[in-house]
Amino acid sequence: MTRAEVAALFERREAAWKAGDAAALAATHTLDGVVISPTGGVLEGRDEIERVYRVWLNAFNGVTFMPDDLLIDGDRVVQIARLRGTHTGEFFGVAATGRTIEMTVALVMTLVDGFVAEERRIYDFTGLLVQIGVLRAKPGA
């Protein structure tokens with residue numbers, strides 16, 4: 001893929017995030033794509049990937065995906081972004097708390113034929129649980 005084609009793929013992903021469209025997000029992955037995620041574990045196939053996008057979009061009303069950096073090296077891409085939303089729906093068994101979350105994510109991806117074939121999501125899941133009130137932060141010493 002050319003840099004312009006990679007950039008166009010990520011513009012489609014950003015538009016899908018803005019639209020809150022789980023199907024469009026999943027459509028940027030190969031049919032047999034793999035996502036490795038702190039919350040979802042290892043997801044295989046576009047249907048499972050779409051399911052987890054829906055979990056996030058339904059759990060965090062108005063979630064915004066704010067890209068910061070896009071590093072392209074051939075078919076390997078790293079995207080650094082921030083997620084922000086309000087916990088208004090069930091999230092992996094945790095009832096809505098109404099709390100706002102914000103976190104930085106790193107997405108390490110391998111692209112094949114214009115799609116994301118593998119995506120490794122890196123973020124502070126423990127910090128997310130603190131933000132929604134499931135865990136308490138350890139007091140400073």
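Predicted model: local features only at pLDDT ≥ 70, side-chain atom pairs only at ≥ 80, totals over all residues.
**Stop 1: the whole chain**

Colour by secondary structure. Trace them along the sequence and the pattern reads α-α-β-β-α-β-β-β-β-α. The radius of gyration is 15 Å, close to the 14 Å that the globule rule gives for 141 residues, so the chain is as compact as a globular protein of that length. Now turn the model along its principal axes. The C-alpha atoms fill a box of roughly 50 × 35 × 25 Å.

**Stop 2: the surface**

Of the 141 residues, 40% count as buried. Next, colour the charges. There are 15 positive and 19 negative side chains. The centres of these two sets lie 8 Å apart.

**Stop 3: the largest nonpolar core**

Hide the surface and go inside. In soluble globular proteins, nonpolar side chains tend to be buried together. Here the largest nonpolar core has 36 residues. Select Trp17, Trp56, Phe60, Leu83, Phe91, Val105 and Leu111, the residues with the most contacts inside this core. Which elements each supply at least two residues of the core? Show helix H1 (3–19), helix H2 (22–26), helix H3 (46–59) and helix H4 (125–131), then strand S3 (60–73), strand S4 (76–87) and S5. The largest share, 7 residues, comes from H3.

Stay with Trp56 and display its surroundings. Leaving aside neighbours within four places in sequence, Trp56 is in contact with Thr39, Leu83, Phe91, Met103, Tyr123 and Leu128. Two of these names, Leu83 and Phe91, are also on the list of residues with the most contacts inside the core.

**Stop 4: Thr30**

Select Thr30, in strand S1 (residues 29–37). Is Thr30 buried or exposed? Its relative accessible area is 12%, and buried means under 20%, so Thr30 is buried. Show what packs against it. Not counting residues up to four places away in sequence, Thr30 touches Arg46, Val112, Phe115, Val116 and Ala117.

**Stop 5: Thr100**

Move to Thr100, in strand S5 (residues 100–112). Which residues does Thr100 touch, not counting those up to four places away in sequence? Highlight Arg84, Gly85, Thr86 and Gln131. Then draw a distance from Thr100 to Ala59. These residues are 41 apart along the chain. Their C-alpha atoms are separated by 11 Å.

**Stop 6**

Most residues other than glycine have a negative phi.

Select Phe92 in the loop between S4 and S5. Phi of Phe92 is near 50 degrees, a positive value in a residue other than glycine. Phe92 is partly exposed, with a relative accessible area of 37%.

Then select Asp113, in the loop between S5 and strand S6 (115–122). Asp113 is not a glycine, yet its phi is positive, at about 50 degrees. How exposed is Asp113? Its relative accessible area is 73%. Exposed means over 50%, so Asp113 counts as exposed.

Methods: Residues numbered from 1 in each chain as written. Heavy atoms only, no water. Helix = DSSP H or I, 4+ residues; strand = E, 2+ residues; numbered from the N terminus. Rg over C-alpha atoms; globule rule 2.2 N^0.38 Å. Buried < 20%, exposed > 50% of the residue type's maximum accessible area, 1.4 Å probe, protein only. Lys, Arg positive; Asp, Glu negative; His and termini not counted. Charge placed at Lys NZ, Arg CZ, Asp CG, Glu CD. Contact = heavy atoms within 4.5 Å. Core = buried A, V, L, I, M, F, W, Y, C linked by side-chain atoms within 4.5 Å.
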